Amino acid sequence: MSLQPIRNPKELGPIDYYTSGHRTCAGCGPAIGYRLATKAAGPKTVLLGPTGCMYVANGHQFLTSPYAVPWFHTQLGGGGAAGIGTAAAFRALTSKGKRKREEVNVLVYGGDGGFADIGYAGLSMAMTYDYQRLLYILYDNESYANTGIQASSTTPWGATTTFTPTGRVRRIGNERMKKNVALTIAAHPGVRYVATSALYPPMDFVNKVRKAFNSGGPAFIQVLTPCPKGWFFDPKHTVTLSRLAVETGAWALWEYEEGAFSLTYKPPKRRGLAEYMRLQGRFTHLSDEDIERLDRMIEEQWGLWLESDRQKRLILSWTPPPTPL
């Protein structure tokens, strides 16, 4: 194991590999995630970024770059293949003696389009290969944030977006339930490590990144990253929303390591969902009854998460989508 677990943030050291030189929004959750992920991965890392808001915010400046390690842009749907190609190149050059034998991390950091929707096929393909130190991270800001906040397959039920506006005709915004991409990746045979994470608690995300690189095979993390632009909240609440997502059970933190499931955070007492949703402008049109119904669904789901944790295996259920009251 080359990346040791981090017990104290001070062990990460002062150096950032995602630093100044970008133009992300104030309070940008994906940017905080990028900083944590690259800090966890360390200097021997190559970054790949499928087209998305993090590409637009980080890759269009003249003579500036926030990356302190090599970074490459890939086409929106090409993140999966580009990650495999990069890992394959390192393997080939090393086997031919053209590079010294050393561990180099390949980190592909993509958004909803990059891994949940348009680029999902390439991600799925990547999970069938055996390249080591290859990690795909889906920064899940629950929309297409760089092209006008359109709904994606990870947009939660009820959220208003430019493609699912609320109004007189349709009281509810998005009427589809959020897709849990990490669960679908865990269904791939042979996958070594799959996890969900958030910006809070930060050490959970940092250590999952390090564990993923150590896993010895294809790895994937879906990290929830609040987006002030798409979720309509004061930028000072980015981390607060991450914490509330975890403590209300709206976002469960778990990992699936070589077939064994475990929760990595269990709220001592789950907080009410309203505290999380009322802080976001995209849910202001929902009634108290709507939120109470979602709260009950989360409570039922938590029973399955806890039982999965007890049995160390995934127990899935089918839940019908809620309909407007």
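**Pockets of the predicted model**

**View 1. Residue classes lining the second largest pocket.** By class, seven nonpolar, six polar and five charged residues make up the lining of the second largest pocket. Ala, Val, Leu, Ile, Met, Phe, Trp, Tyr, Cys and Pro count as nonpolar, Asp, Glu, Lys and Arg as charged, and the others, Gly among them, as polar. The model is predicted, with local features needing pLDDT of at least 70, side-chain atom pairs counting only at pLDDT 80 or more, and totals for chains, interfaces and linings using all residues. Residues are numbered from 1 along each chain as its sequence is written, and side-chain values use heavy atoms, without hydrogens and water.

**View 2. Space and centre of the second largest pocket.** This pocket holds about 440 Å³ of space. Its lining has 18 residues, of which Glu102, Glu103, Val104, Gln132 and Arg133 are the closest to its centre. A pocket is an open set of points on a 1 Å grid over the protein atoms alone, where a 1.4 Å probe fits, with protein on both sides within 12 Å along at least five of seven lines; lining residues have an atom within 4 Å of a point. Grid points are joined across faces, edges and corners, and the volume is the space filled by probe spheres set on the points.

**View 3. Helices at the second largest pocket.** Two or more lining residues come from each of α3 (79–95) and α7 (202–214). The most, five residues, come from α3. Helices are DSSP runs (H or I, at least four residues), numbered from the N terminus.

**View 4. The largest pocket.** About 1000 Å³ of space lies here. Met177, Lys178, Ala250, Ile298 and Gln301 are the closest to the centre among 36 lining residues. With eight residues, α11 supplies the largest share of this lining.
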